[in-house]
Amino acid sequence: MADVPMYVISENASSERRITPSWSIDTFKTKLEPITGIPPSAQRLSLKASKAAGSVPLEAVDEENTFLSSFQLVAYGEIHVADTRPAGMRVNFNDTSGVERYVMPETEYQKKSDSVLAWKKAQKLGRFDPSAPDQEQARVSGFAREIETRGIAQGKRCRVGGEDTRRGVVQYVGEVGEIPNGAGPWIGVHLDEPVGKNDGSIAGKRYWGAESAMKHGVFVRPERVEVGDFPALDDLEDMEEI
């Protein structure tokens, strides 16, 4: 009788296996141990012809002389392997917290010829692109031109991102070293409403104002700032009476 492809499913593993109907249940359980980590004596097997079908116990009084051909083995059906041991005696193969991690030394990684780093070097990508410094400088220069063109300066009223609900005052214009990969000038705005990201400080460095739980501060690139006649909004100005 030909082998039958089926899915073997346990708490710690799930894989497709070819099942030989001439195996006894006892032999089958022995073969399942290295796959599931469950010793034969603790295995409880059940058979499902499909995901929607009900489970049928795969067991017998004499498992040494009862063969899998006695059961309905359907191609790509499921054999579930339950662990009958108490929870404290089971091995959790999914818990890697106690496994020592290997971290390759940086010097060794740089010597490898089949790494992502080696591929980037060969393709001249990212920081290995000879034109990268020129591109970065052009980007920074573009920010400076935006500041000049838009007339952005400390103390001017503005709105951020074209949203009237994000009006405020420019409090800072310049570099913000605490922003990762943030070369070039940033615009620090103190918003009228506490709808910002910070209180005027980043990573412990204060750029304006005093410490506050209210997040009125935001740092954005120049192209998102529009200076002009943007007075603070009065929520009551359109109400005829209170």
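## Cavity

In this predicted model, the largest cavity is lined by Ser10, Glu11, Asn12, Thr36, Gly37, Ile38, Asp83, Arg85, Arg90, Val91 and Phe93. Sorted by class, that lining comprises three nonpolar, four polar and four charged residues. The structure holds one cavity of 30 Å³ or more.

## Aromatic pairs

Six aromatic pairs are found in a search of the whole structure. One of them joins Trp23 and Phe28: the ring centres are 6.1 Å apart and the planes meet at 20°, so this pair is stacked, the limit for stacking being under 30 degrees. Phe28 has a relative accessible area of 2% and is buried.

Tyr172 and Tyr207 form a pair with ring centres 4.8 Å apart and planes at 65°. Because an angle over 60 degrees counts as edge-to-face, the pair is assigned to that class. Tyr172 belongs to strand β7 (residues 167–175), whereas Tyr207 is in the loop between β10 (205–206) and β11 (217–220), so the pair ties together parts that are 35 residues apart in sequence.

Relative accessibility is 19% for Tyr172 and 14% for Tyr207. Both residues count as buried because the cut-off is under 20%.

## Ring cluster and charge over a ring

Tyr172 and Tyr207 are also part of a cluster, in which ring pairs link them with Trp208 and Phe219.

A contact between a charge and a ring involves Arg221 and Trp186. The charged end of Arg221 sits over the ring of Trp186, at 3.9 Å from the ring centre.

Terms used: Residues numbered from 1 in each chain as written. Predicted model: local features only at pLDDT ≥ 70, side-chain atom pairs only at ≥ 80, totals over all residues. Heavy atoms only, no water. 1 Å grid on protein atoms, 1.4 Å probe; cavity = no way out; pocket = protein on both sides within 12 Å on 5 of 7 lines; lining within 4 Å. Points joined across faces, edges and corners; volume = space filled by probe spheres on them. Nonpolar A, V, L, I, M, F, W, Y, C, P; charged D, E, K, R; others polar. Phe/Tyr/Trp six-rings, centres within 6.5 Å; stacked < 30°, edge-to-face > 60°. Buried < 20%, exposed > 50% of the residue type's maximum accessible area, 1.4 Å probe, protein only. Helix = DSSP H or I, 4+ residues; strand = E, 2+ residues; numbered from the N terminus. Lys NZ or Arg CZ within 6 Å of the ring centre and 35° of its normal.
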